[in-house]
Amino acid sequence: MRNRPHWMLCGSLILLMATACTDGESGKEATLSASHVCDATLTPPSAKALENLASTERFNELTGTNQQGDPNKFSLELAAKRLYGEVKERNICMVYKAGDDSGIPLLKIEFEPTESHPVPEEEARTADRDRIVFPLGSYAEINGDSGANLYFACSTDGPEGTSRYVRARMYSSGGQLAPGSAPDDRMAILNDVARGLARQLACADEAALPARVPAPTTV
């Protein structure tokens, strides 16, 4: 039932370079603080978590536009507008460490509507050492050293009807993360960006995402 995070864009093209799936004028914008990435959705604790993950206080996001003419830079408004779009049409938060010329993002956060979610109790019982389940939203987990998923209740209308949940997922490039960084830091960041989108979609009460991430159910 659980789907592992992926970072496929533009059909079979794997997003390795900062300019992939963008127009010819794309690049990275001026240096940002942690509190200003992902449409300024991070609170002080999650901004600190981002700094811990990166071992830096300065970040970049993409500029330019995608093939649909939408800005590459993340905004809650555009993420909500493109929620039902194909993968290449979605507005994704791509965060890079300032000064890193590898073209590989520190983290990527995207959203999609869904009709279901894993059962927290069952997943917590079967979780292995590479997966940590949190009592958060409808279901939340950190998997391995790179992925995170958060499902939250949020009724939205799409081309084929109403979806009851939204799935937020994060991919963190393992080679980009600071050695020994805490898994909880990834969930703190994902939760805050998800809370921002829930407000944008007018389902914050339904989503019931807390300001602070609770301790995991499995450790």
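**Salt bridges in a predicted model**

R195 is partly exposed, with 21% as its relative accessible area. This value comes from a predicted model, as do the others discussed below. The salt-bridge partner of R195 is D192, and the N to O distance between the two side chains is 3.8 Å. D192 has a relative accessible area of 2% and is buried, because buried means under 20%. Both residues belong to helix 5 (residues 183-200), where a spacing of three residues separates R195 and D192 by about one helical turn.

E112 and R169 form a salt bridge whose closest N and O atoms are 3.8 Å apart. E112 is located in strand 4 (residues 107-114) and R169 in strand 8 (residues 161-172), so this contact ties together parts that are 57 residues apart in sequence. Both E112 and R169 are buried. These two residues also belong to a network, in which salt bridges with shared partners join R90, K108, E110, E112, R167 and R169.

A further salt bridge connects R82 and D70, with 2.6 Å between the closest N and O atoms. R82 lies in the loop between helix 3 (76-81) and strand 3 (93-97), while D70 lies in the loop between strand 2 (58-60) and helix 3; the pair, twelve residues apart, links distant parts of the chain. R82 has 24% relative accessibility and counts as partly exposed, whereas D70, at 9%, counts as buried.

How many salt bridges does the count give? The count comes to twelve salt bridges, and the pairs described above are among them.

Key. Residues are numbered from 1 along each chain as its sequence is written. This is a predicted model: local features need pLDDT of at least 70, side-chain atom pairs count only at pLDDT 80 or more; totals for chains, interfaces and linings use all residues. Side-chain values use heavy atoms; hydrogens and water are left out. A salt bridge is a side-chain nitrogen of Lys or Arg within 4 Å of a carboxyl oxygen of Asp or Glu. Helices (H or I, at least four residues) and strands (E, at least two) are DSSP runs, numbered from the N terminus. Buried means under 20% relative accessible area, exposed over 50%, partly exposed in between (1.4 Å probe, protein chains only).
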